[in-house]
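Come along while I look up a few helices and the charged pairs.

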Amino acid sequence: DRYPGTTFVDHIMRYEANPNVKMIVLLGEVGGVEEYVIAERIKSGAISKPLVAWCIGTCAKSFDYSISFGHAGSSANSMLETSEAKNAALRAAGGGGARRLNHP
């Protein structure tokens with residue numbers, strides 16, 4: 001979001017501090033870099049609860065650039081903002097996530 005009221009980190013750190021929350025699920029998207037902040041928090045140990053993450057838009061490269069994914073036409077402005085790169089970074093940090101999601 002261009003003008004976020006809150007971020008992934010705001011919410012996830014609140015869930016991390018809540019003893020009633022046993023695991024965290026994160027659904028990210030194409031564009032932006034917030035997921036990398038989460039990956040760094042996992043690496044540093046600030047997020048210790050099990051976290052399952054997936055960034056939507058892995059099929060975006062299969063379509064013409066005129067098609068947008070996510071809300072309000074989100075787009076990857078660099079390779080770091082692609083869902084593939086974000087999913088890989090989250091997995092490398094220890095955030096569980098599928099390598100791909102298949103449709104039946």
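Entry 1: I began with Glu 40 and Lys 43, which both sit in helix α2, three residues apart, about one turn of the helix. I noted that this is a predicted model. The side chains of Glu 40 and Lys 43 meet in a salt bridge, at 3.3 Å from N to O. Are these two buried or exposed? Glu 40 has 46% relative accessibility, so I wrote it down as partly exposed. Lys 43 is exposed, with a relative accessible area of 55%.

**Entry 2: the other pair.** I found that the structure holds two salt bridges. Here the side chains of Lys 86 and Glu 35 meet, at 2.8 Å from N to O. This pair links distant parts of the chain, as Lys 86 belongs to helix α3 and Glu 35 to helix α2, 51 residues apart. Both Lys 86 and Glu 35 are buried.

**Entry 3: how α2 and α3 pack.** I looked up helix α2 (residues 34–44) against helix α3 (residues 83–93): the angle is about 10 degrees and the axes are 8 Å apart. The two helices are therefore roughly parallel to each other. On the α2 side, the contact is made by Glu 35, Tyr 36, Ile 38, Ala 39, Ile 42 and Lys 43. From α3 come Ala 85, Lys 86, Ala 89, Leu 90 and Ala 93.

**Entry 4: helix α1.** In α1 (residues 8–17), I listed Val 9, Ile 12 and Glu 16 as the buried residues. Seen down the axis of α1, they fall within an arc of 70 degrees, so they line one face of the helix. Their cover includes β1 (24–28), α2 and β2 (51–55).

Note on methods: Residues are numbered from 1 along each chain as its sequence is written. This is a predicted model: local features need pLDDT of at least 70, side-chain atom pairs count only at pLDDT 80 or more; totals for chains, interfaces and linings use all residues. Side-chain values use heavy atoms; hydrogens and water are left out. Axes are lines fitted to C-alpha atoms, for helices over the stretch in contact, and angles run from 0 to 180 degrees between N-to-C directions. Helices (H or I, at least four residues) and strands (E, at least two) are DSSP runs, numbered from the N terminus. Angles under 35 degrees count as roughly parallel, over 145 as roughly antiparallel, 65 to 115 as roughly perpendicular and the rest as oblique. Contact means heavy atoms within 4.5 Å. Buried means under 20% relative accessible area, exposed over 50%, partly exposed in between (1.4 Å probe, protein chains only). The arc is that of the directions from the helix axis to the C-beta atoms. A salt bridge is a side-chain nitrogen of Lys or Arg within 4 Å of a carboxyl oxygen of Asp or Glu.
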